[in-house]
Amino acid sequence: MSSISAVVPFSLQPHFNKTLQQFTESPLIEKVYVIHTGGYTSSSPKCDGIGPGSLNSGSVLDPLLKRIRGEYLLLVSEPVGIDLGQFALSRFCSVAEETNAGIIYSDFYEVGSGVRHQHPVNDYQVGSIRDNFEFGPLLFISVSALRASLKKYGPPSKTSSAGLYDLRLKVSVDHAVFHIKEYLYTKAVDSVQAKGEKQFDYVDARNAAVQQELENVATRHLKNIGAYLKPKFKRIPSSNVKYPVEASVIIPVRNRVKTIAEAVDSALGQQADFPFNVLVVDNHSSDGTTEALRRVSQKNSSVKHIIPNRMDLGIGGCWNEAVSSEHCGRYAVQLDSDDIYSDEKALQRIVRLFRNGDFAMVVGSYKLVDMQLQEIPPGVIDHREWTPNNGRNNALRINGLGAPRAFRTDLLRLIPLPNVSYGEDYRIALRLSREFQIGRIYEPVYLCRRWEGNTDAALSIEQTNRNNAYKDMIRSIEIYARQKMNRKR
C-alpha cells in the first residue's frame, strides 16, 4: 500500500478541521504537516505543525521536505476546504505508479454560495511555466522525483513567495506533470475574486518584490532547460521599401459602433512631425460600425476603411490585412477599437523611440479607466518587469507585454501574426524578442477602457482555459525554438 504525507495550510475557517479530519482518518496518509504562521497546536498524533511561514516560503519548505516520509506528498496549496471524492487518494496513487510522473493533478468541483459546478483545468506543457498555471488546490508529488530534482537543481529557493513555484519547475525538468481528467475532489470557497480584477494582479506595483522572486525562479528554470537567452540582439536588417507614410495607426474592429468613432478621433488627433494615417480593418461588422466608418473615411482621406475579402479572420488576421496593405506606413501602431491614446503626443513618442534605437517593436504603458475615463484599480500598467537584460526571458513567465504595441512593418510582413483573436500580439512579441531588441515606454500613452463589451469580460472557465492553453502552446513553441537556437550556438 502506498504511503502519503499530506501538507495543509492552517486556517481559522470552519472548513479546516473537516479537511484535516479526512486526512488523519485515511489509512493511506501516515503524516499530516500543518503549515501555520504561529499559534497552531496539534490536535492529533498524526499531525505536526511547521512554521511560522507559508507553503511558498523557502524557509518553511526546506525543513518540511527534510521531514516528510512516504512515497508521495499531497499538497493543499490554498487555505480552502477540500472534500475528497470516492477513492480519490487511491486514484492519485495508482496513476502516479502507472505513469511514473513527478507531479499529478486533477479536475475538481467547486462549491460557492451553495452551488456546485465543474472546474476543469488544462494539460501541462513545456510552455506552462507561468507562475499562475492552475493546477487546482491539490498537488500529488512523487517524493523520489522531488528529491532527485532537488539534488540535481538545488534546494528550495530561499524566497518568501516563490518556493512552491520553484519546486514545481525543478520537478518538471526531468519528470512528467500528468493531468487526470477526472473530478477527484471538491473545493469549497467563501468568495471568488472576479476575473476582471484578478487578471491584472501580476502587474500591480504593490507586488513588485514578489514578481522579482518569481522572475528569478523562472530565469533559473530557463537556464536548466537550455532556453535562456543572453541580452545579445541581432541588428534590424536594412530595408529599401518605400512607404506612403511614416506610421499607420491600425484598428481592427468588429461591431464596436459605441466606441469606434472615439478611437478613430483619438488617432486622427495625434500631433506628429511626420505623415501618418489610420487603417481601420472592419471585420464585416453588422451593428452600424461599417456605416460609421464609411462616413468618416469619406470626410478624411487619412482614414483607410479596409473590409477584408476573407470571412475567417480573427484580430491577428485583420492586422495582417492592414500590414500587407499598400497604405501601411513604416511603423504599424496598435489602437484597439474601444480604447484611446492618453494624449495627442503618443504616436510621436512611439516613433521617436524607434528612430533613436535599433528596435523591432516598441511597447508602451497604459492606464485602466472606465468609460468615463476615470482611473480604476490597479491604474497604470507599465510592465516594469520587462528589463533590457532579462525582459525576453521573463516574458515567458508573464501573460502579456503591455500596450500599445508598435512594430516595424517590414518585419511583420516577414513574420505574420497568427490568425486568432487572443494571444496574437503575445506570440509576435515573443517571436521578435527571440532575435531583436524590444523598446519600452514606461509612462502611460494609452487609455484602456474597461466595460462589459471587452472581449475578456466575464469569461467562462472553459473559455479561460482555452485562452490559457493557447498562450501555453505559444510559450512551448518559443521554448523549443530558443533551445534549438542555443544548441546551434
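**A walk through strands, helices and side-chain pairs**

Let's start inside a sheet: Ile104 has a bridge partner in strand 8, and that partner is Phe140. Before going further, keep in mind that this is a predicted model. The mean pLDDT of the chain is 93, and 95% of the residues reach 70 or more. One stretch to treat with care is residues 191-197, where the pLDDT is below 50. Beyond near neighbours in sequence, that stretch has four contacts in the model.

Helix 5 (residues 163-174) is another mostly covered element, with ten of its twelve residues buried. The buried ones include Leu164, Leu167 and Leu169, but also Asp166, Arg168 and Lys170. What do the buried residues of helix 5 pack against? Their neighbours are helix 2 (58-67), strand 4 (72-76), strand 6 (103-112), helix 4 (143-153), strand 9 (177-188) and helix 7 (208-224).

Now for the charged side chains. Across the whole structure, a search finds 29 salt bridges. Take Asp48 and Lys31, which form one with their closest N and O atoms 3.5 Å apart. Asp48 sits in strand 3 (residues 47-50) and Lys31 in strand 2 (residues 29-35), so this pair ties together parts that are 17 residues apart in sequence. Which of the two is buried? Lys31 is, with a relative accessible area of 9%. Asp48 is partly exposed at 22%, because buried means under 20%.

Arg355 and Asp273 make another salt bridge, again with the closest N and O atoms 3.5 Å apart. This one links distant parts of the chain, 82 residues apart: Arg355 is in helix 11 (residues 346-356), and Asp273 is in the loop between helix 8 (260-268) and strand 11 (276-282). Arg355 is partly exposed, with 41% relative accessibility, whereas Asp273 is exposed at 58%.

Arg431 and Glu435 form a salt bridge whose closest N and O atoms are 2.7 Å apart. They lie four residues apart in helix 14 (residues 424-435), which means about one helical turn separates them. Arg431 is buried at 15% relative accessibility, and Glu435 is buried too, with a relative accessible area of 14%. Salt bridges can also share partners: Glu246, Asp273, Arg330 and Arg355 are joined into one network that way.

Next up are the rings. The search turns up 15 aromatic pairs in the whole structure. In one of them, the ring centres of Phe10 and Tyr40 are 5.4 Å apart and the planes are at 55°, so this pair is tilted. Phe10 comes from the loop between strand 1 (4-9) and helix 1 (15-25), and Tyr40 from the loop between strand 2 and strand 3, 30 residues apart. Phe10 is partly exposed at 28%, while Tyr40 counts as buried at 13%.

Compare that with Trp319 and Phe407, an edge-to-face pair at 5.6 Å centre to centre with 80° between the planes. Here Trp319 is in helix 10 (residues 315-324) and Phe407 is in strand 17 (residues 405-408), 88 residues apart. Both are buried: Trp319 has a relative accessible area of 5%, and Phe407 has 2% relative accessibility. Elsewhere, Tyr105, Tyr124, Phe133 and Phe135 form one aromatic cluster.

Finally, charges and rings can meet. The charged end of Lys223 sits over the ring of Tyr228, 4.8 Å from the ring's centre. Lys471 lies over the face of Tyr426, with 5.1 Å to the ring centre.

Terms used:
Residues numbered from 1 in each chain as written. Heavy atoms only, no water. pLDDT = per-residue confidence, 0-100. Contact = heavy atoms within 4.5 Å. Salt bridge = Lys/Arg side-chain N within 4 Å of Asp/Glu carboxyl O. Helix = DSSP H or I, 4+ residues; strand = E, 2+ residues; numbered from the N terminus. Buried < 20%, exposed > 50% of the residue type's maximum accessible area, 1.4 Å probe, protein only. Phe/Tyr/Trp six-rings, centres within 6.5 Å; stacked < 30°, edge-to-face > 60°. Lys NZ or Arg CZ within 6 Å of the ring centre and 35° of its normal. Pairing = 2+ DSSP bridges.
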